[in-house]
Amino acid sequence: MITRVITGIIGIALAAVVIQTGGWVFAAAIALLSVIGWFEYVRMFRQHGERAAFIPGVVILILFLGIALLGNSSEFMAVCILGALVIMSGSVIFRGSFSIIDASITLAGVIYIGGSFSYLLMLRFIESGQQVTPLGMMSTGNALVWIALIGTWASDTLAYFAGSTLGAHKLCPSVSPNKTWEGFAGGLVGTIISVMLVGGYFFGYGLPEMALLGLCIALVATLGDLVESVIKRYTGIKDSGNIIPGHGGVLDRFDSVMFSVPFVYYASFISGIWG
């Protein structure tokens with residue numbers, strides 16, 4: 001527990017520096033996390049017997065991130081289609097060592113990881129508008145990244161502590177035996193309050209809108225956590241990696257973020273916060 005807390009504090013401090021610096025520092029950090037996450041994904045399935053294609057996946061992942069960095073979101077579809085054709089063709093060209101199952105796992109994983117992390121770049125580099133905060137002016141994209149991450153961290157952390165102390169009724173025992181409805185409720189309430197405080201009082205957005213956003217972040221963050229639990233249960237892996245002491249791997253730490261950030265991106269666009 002102590003290791004988990006210390007690592008969490010250090011991680012938040014590093015995240016603050018990277019997020020506030022933005023630019024190529026932020027982009028490089030996201031690229032590094034994406035590649036590590038992809039490596040963990042490939043390794044998990046290879047230990048189960050499937051052979052996801054690491055190098056082609058890295059190429060497609062970098063293309064996703066490059067498109068996001070340049071702001072050419074319309075080209076995502078082209079990369080998805082071309083990537084799918086190349087990867088699926090591999091099951092024919094290398095049919096002795098690369099099956100259709102391997103191709104499907106590769107394609108699903110590179111979109112799941114590369115696509116999700118790309119939204120962190122697109123969200124951070126939104127430049128339409130400035131928010132007045134107690135610490136000075138901050139771009140809309142910067143503010144939205146903080147709202148998404150703090151909301152997700154609140155969901156994960158408060159669900160963990162509420163479940164550990166009050167948990168009695170299993171939420172989804174066939175997927176994640178340790179998750180409980182009490183933990184989910186604690187995470188839900190904590191996320192709503194956190195997003196209202198950060199988004200409403202610090203960044204000046206409407207409190208009702210932030211309360212609704214907090215509710216939705218808690219729901220999608222929990223779903224993201226459960227999706228990775230399904231992968232780990234299928235592959236027989238406890239943690240995706242051990243690069244983060246007390247927290248496991250990149251996918252263990254960012255599984256919820258990979259669902260909440262795309263949601264915040266589109267929810268903020270639809271609601272008119274930017275766009």
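Modeller: Gladly, and we begin with salt bridges. A salt bridge is a side-chain nitrogen of Lys or Arg within 4 Å of a carboxyl oxygen of Asp or Glu. Side chains of opposite charge can pair when their charged atoms come close. Before we look, note that this is a predicted model, where local features need pLDDT of at least 70 and side-chain atom pairs count only at pLDDT 80 or more, while totals for chains, interfaces and linings use all residues. Residues are numbered from 1 along each chain as its sequence is written, and side-chain values use heavy atoms, with hydrogens and water left out.

Biologist: How many salt bridges does the rule give here?

Modeller: The count is five salt bridges. In one of them, Asp-225 pairs with Lys-179, with the closest N and O atoms 3.1 Å apart. This pair links distant parts of the chain, 46 residues apart: Asp-225 is in helix H8 (residues 207-235) and Lys-179 in strand E4 (residues 176-180). Helices (H or I, at least four residues) and strands (E, at least two) are DSSP runs, numbered from the N terminus.

Biologist: Is Asp-225 buried or exposed?

Modeller: Here is the scale: buried means under 20% relative accessible area, exposed over 50%, and partly exposed in between (1.4 Å probe, protein chains only). Asp-225 has 17% relative accessibility, so the residue counts as buried.

Biologist: Which residue forms a salt bridge with Lys-232?

Modeller: Asp-252 does, and the closest N and O atoms are 3.0 Å apart. Lys-232 lies in helix H8 and Asp-252 in helix H9 (residues 250-254), so the pair ties together parts that are 20 residues apart in sequence. Lys-232 is buried at 15%, and Asp-252 is buried at 12%. Together with Glu-228, Lys-232 and Asp-252 are linked in a network of salt bridges. For another case, look at Asp-239 and Lys-238, whose side chains meet in a salt bridge at 3.8 Å, N to O. Asp-239 is partly exposed, at 34%, whereas Lys-238 is exposed, at 70%.

Biologist: Now the nonpolar side chains, please. Which residues touch the most other members of the largest nonpolar core?

Modeller: In soluble globular proteins, nonpolar side chains tend to be buried together. A nonpolar core is a set of buried Ala, Val, Leu, Ile, Met, Phe, Trp, Tyr and Cys residues joined through side-chain atoms within 4.5 Å. The largest one here has 64 residues, and those touching the most other members include Trp-38, Tyr-41 and Ile-147. Helix H5 (residues 100-124) gives the most to this core, with twelve residues.

Biologist: And how do I read aromatic pairs?

Modeller: A pair of aromatic rings is described by the distance of the centres and the angle of the planes. Rings of Phe, Tyr and Trp (its six-membered ring) pair if their centres lie within 6.5 Å; planes under 30 degrees apart count as stacked, over 60 as edge-to-face and the rest as tilted. By this rule there are 13 aromatic pairs. The rings of Trp-38 and Tyr-41 have centres 5.4 Å apart and planes at 15°, so this pair is stacked. Trp-38 is buried, at 0%, and Tyr-41 is buried too, at 4%. For Tyr-119 and Tyr-265, the centres are 5.3 Å apart and the planes at 70°, so the pair is edge-to-face.
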